[in-house]
Amino acid sequence: MNILFIAAEAVPFVKVGGLADVVGSLPMTLAKEGHALRVLIPAHGVIDHQRHGLQPVDSFDMPWAGGSARVEVFHAGREGVDFFFLRAWPYFSGQEAFVYDWDEGVNVGRYLFFSAAALAWAQRAADRDGWAPNLLHCHDWHTGLVPFLHARLYNGSDALGGAATVFSIHNMQHQGWGVGWHLNHAGLPGVDHGLLHASGRADNCLAIGLAYSTMLSTVSPQYAREIVTPAGAYGLDSIVQARQSRLVGILNGIDTVRWDPAHSAVIKAPFSAAQIDQKAQNKRALQESLGLPPRRDLPLVAAVSRLAEQKGLDILVPGVRHMLFHAEMQFISLGAGDPHWEHEIWRIGNDFPQKAIAYLGFDEPLSEQIYAAADMFLMPSRFEPSGLGQMIAMRYGALPVVRAVGGLIDSVPPEVGFLFSEYHHDGVIRALSAGLEMWYQHPRDWKTRVQRAMALDFSWERSARQYLDLYDEARRYQRRYGEAAF
Ligand code: ADP
């Protein structure tokens, strides 16, 4: 099968969140199964062309807003997958030092342009080198317009018309409002879907992707159940409900070669499940490098996260403060994001200098050192579509202390982690206290849990099989109903 991924970010080229991990990892696993994979992302200004070996391969002109936009295409091969990158003007000129502008309205125009250019390039690539996709796999609201433009503009195309579309929701909260004006401005057709107009969502990129795609997926079975509810759907519940029969939940995997405590170049003492005492060396190295007292006898609680409301910071901050004040533990936080939460997290380090440290920024090697050193990994998310941090933590023998929502329920077994339900800092306190009690009072049980955690399989192979079933189903629908598949 020829499969084209279209998305805003992909590791190792550019990463803001877990979306990049999925788009940069799943294709490799699918390619190993014998499929032909291409991945298309914007040539963001933050991508280092030299380091990743990007080569210019094509350029073309695309009609846009009454004028013509020059689109340049770059390529880099990686583990059997062809990655392509689009650079253009006025959007994605390579000058921007960001992936997402803070202003959603600006992003809507940018990513509509990218979606249109992606299809124009796919058509051109099919004409030039004969590579026609059987399946377009789009991700999150940034590419929500691709299934719509595909249905409206490419239905008659020999190369693209027969392709089925799959739209994956990695986060329901971010939707991309206001695309109607941009469609009109660009000279593209307006959205004509009754369901969208009836629900007042014809202007919403995520809703458009949901309405026009052949099949839908989200990144955990539990999140698939949550996004049909008003609380989980952020205003799109009627649309998700209407299309629920086309929706599946597939838990994300992690790149188990990239995230391997036994073969890591950045941690002090690589270790496997048979040598978990080695974690103590990693803990000491981290404590020393970050300036915390090198106490082996204190449990180290860590958080590695975007500092966004979604991550439950309003219950994390008071919960962790309470624990640092009343209990014997250390706390390390690595994160960047909302300035308000950066400040709140920084103040924890400031107020408990002997027990806590807050590192503000995005630092992947440091994150790995933290996973390897930590005893517990705190993730009290308000909602969590899948979550990767808790899976990486378990692979490195850190037990998750998580809120029982979304992918956290699906990935953290109760006999491994410490889960709580209510969205309140009392829940954080209770779950952390349960963890601390086991750490101090029942070290043998603790060790058993760590071994269970490290034995869990979060490889992409499991998820990839489910995606292939989903692709087959999408193609069956597409063959049977054609454009009316939605
Ligand atoms: P989300 O996609 O909502 O940000 P996930 O848990 O799915 O959350 O994925 C987050 C990924 O980003 C994990 O791999 C985590 O280790 C990484 N990460 C988050 N914040 C940082 C940071 N400040 N520095 C390094 N890695 C980070």
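Visitor: Which residue stands opposite Leu-360 in E12?
Guide: In this predicted model, the residue that stands opposite Leu-360 of E12 is Gly-335. Strand E11, which covers residues 330-337, is joined to E12 by five bridges, and these two strands run parallel.

Visitor: And which helix packs on the sheet there, touching E10, E11 and E12?
Guide: That is helix H13, made of residues 339-351, and its direction makes about 150° with that of E12. Helix H11, residues 279-290, also lies across strand E10 (300-307), E11 and E12, and runs at about 65° to E11.

Visitor: How many strands form the open sheet, and in what order?
Guide: There are six, in the order E12-E11-E10-E13-E14-E15, with parallel pairing. The edges are strand E12 (356-360) and strand E15 (418-420), each of which pairs on one side only, and from one strand to the next the twist averages 15°.

Visitor: Changing topic, at what angle do the axes of H12 and H17 cross?
Guide: The axes of helix H12 (residues 313-326) and helix H17 (residues 425-441) cross at roughly 45° and come within 8 Å, and the two helices are therefore oblique to each other. Their crossing is right-handed.

Visitor: Which residues make that contact?
Guide: H12 contributes Ile-315, Pro-318, Gly-319, His-322 and Met-323, while H17 contributes His-425, Val-428, Ile-429, Leu-432, Ser-433 and Leu-436.

Visitor: How many of those are nonpolar, polar or charged?
Guide: In the contact of H12 with H17, seven residues are nonpolar and four are polar, with no charged residues.

Technical notes
Residues numbered from 1 in each chain as written. Predicted model: local features only at pLDDT ≥ 70, side-chain atom pairs only at ≥ 80, totals over all residues. Heavy atoms only, no water. Axes fitted to C-alpha atoms, helices over the stretch in contact; angles between N-to-C directions. Helix = DSSP H or I, 4+ residues; strand = E, 2+ residues; numbered from the N terminus. Parallel < 35°, antiparallel > 145°, perpendicular 65-115°, else oblique. Left-handed = near helix turned anticlockwise from the far one by under 90°. Contact = heavy atoms within 4.5 Å. Nonpolar A, V, L, I, M, F, W, Y, C, P; charged D, E, K, R; others polar. Pairing = 2+ DSSP bridges.
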